[in-house]
Amino acid sequence: HLSRIIVKVENCEATKREINDLYVYISQFDDTLRQIKTVVKDNKHHYSKKIDPMNSELIFHSITKSFVRINELIRVLNLGEFDWKRDITISFLKRSLTLNRYLIDRLEEMKVIGDKTINDIKERSKQVTKLIINEINKKD
């Protein structure tokens with residue numbers, strides 16, 4: 001969905017409704033992150049589901065890639081001077097970023113992947129989070 005909207009924005013074909021409804025896509029991503037949270041949630045020192053290293057890496061690389069796409073979208077929206085910064089959209093974005101940080105912290109506690117890999121995931125997440133926050137904070 002985001003790729004299609006990015007192309008429409010770049011081609012100046014995005015409708016006002018599509019821009020106003022961006023929060024729907026972000027909320028779906030937020031829902032997915034919340035579902036992942038239920039899998040890695042610490043229940044009195046017992047995680048609710050065992051996640052193997054391969055799946056852990058795939059999950060977190062996919063999350064990071066999704067944030068990269070979100071950043072790309074809001075970057076082109078800002079460049080095109082679109083009015084996209086609705087309170088609900090910003091709220092879902094910030095909540096998703098916070099939830100991602102929580103998930104990475106849980107991943108680190110679970111010790112299912114090596115330190116180098118977790119540090120790479122943390123660094124990529126930190127970089128894309130900074131980019132997204134910078135795009136959110138750009139003046140209209």
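Predicted model: local features only at pLDDT ≥ 70, side-chain atom pairs only at ≥ 80, totals over all residues.

Me: Which residues of α3 are buried?

Reply: They are L22, I26, S27, F29, D30, L33, I36 and V40. The label needs a relative accessible area under 20%. F29, with 12%, is therefore buried, and D30 at 0% also counts as buried.

Me: What makes S96 buried or exposed?

Reply: S96 lies in helix α5. Its relative accessibility is 1% and the limit for buried is under 20%, so S96 counts as buried. Leaving aside residues up to four places away in sequence, S96 touches I26, F29, D30, L33 and F67.

Me: What joins the side chains of S96 and D30?

Reply: A polar contact of 3.3 Å joins them. The cut-off for such a pair of N or O atoms is within 3.5 Å, so the 3.3 Å between these side chains meets it.

Me: Why is Y102 given its accessibility label?

Reply: Y102 is also found in helix α5. Partly exposed covers the range between the buried limit of under 20% and the exposed limit of over 50%. Y102 has 24% relative accessibility, so it counts as partly exposed. The C-alpha atoms of Y102 and K37 are separated by 8.4 Å, although the two residues are 65 residues apart along the chain.

Me: How do you know that D30 and R95 form a salt bridge?

Reply: The closest N and O atoms of D30 and R95 are 2.6 Å apart. The rule asks for a side-chain nitrogen of Lys or Arg within 4 Å of a carboxyl oxygen of Asp or Glu, so this pair qualifies as a salt bridge. The pair links distant parts of the chain, with D30 in helix α3 and R95 in helix α5, 65 residues apart. R95, at 36% relative accessibility, counts as partly exposed, whereas D30 is buried at 0%.

Me: What separates E109 and R106 along helix α5?

Reply: E109 and R106 are 3 residues apart in helix α5, which means about one helical turn lies between them. They form a salt bridge, with the closest N and O atoms 2.5 Å apart. E109 is partly exposed at 42%, while R106 counts as buried at 12%. Elsewhere, salt bridges that share partners join D30, R34 and R95 into one network.

Me: How far apart are the closest N and O atoms of D21 and R17?

Reply: They are 3.6 Å apart. The limit is within 4 Å, so D21 and R17 form a salt bridge. R17 counts as exposed at 66%, and D21 is partly exposed at 26%. By this rule the count comes to 10 salt bridges.

Me: Why is the pair of F29 and F67 called edge-to-face?

Reply: The structure holds 1 aromatic pair. The ring centres of F29 and F67 lie 4.9 Å apart and their planes are at 80°. Centres must lie within 6.5 Å, and planes over 60 degrees apart count as edge-to-face, so the pair is edge-to-face. F29 lies in helix α3 and F67 in helix α4, so the pair ties together parts that are 38 residues apart in sequence. F67 is buried, with a relative accessible area of 1%.

Me: Which residues touch the most other members of the largest nonpolar core?

Reply: Of its 38 residues, these are F67, L73 and W84. The elements that give two or more residues to this core are α1, α3, α4, α5 and α6. The largest share, 9 residues, comes from α5. Not counting residues up to four places away in sequence, L73 touches L2, I5, I6, V9 and L22.

Terms used:
Residues numbered from 1 in each chain as written. Heavy atoms only, no water. Core = buried A, V, L, I, M, F, W, Y, C linked by side-chain atoms within 4.5 Å. Buried < 20%, exposed > 50% of the residue type's maximum accessible area, 1.4 Å probe, protein only. Helix = DSSP H or I, 4+ residues; strand = E, 2+ residues; numbered from the N terminus. Contact = heavy atoms within 4.5 Å. Polar contact = N/O pair within 3.5 Å; in protein donor to acceptor, adjacent residues only side chain to side chain. Phe/Tyr/Trp six-rings, centres within 6.5 Å; stacked < 30°, edge-to-face > 60°.
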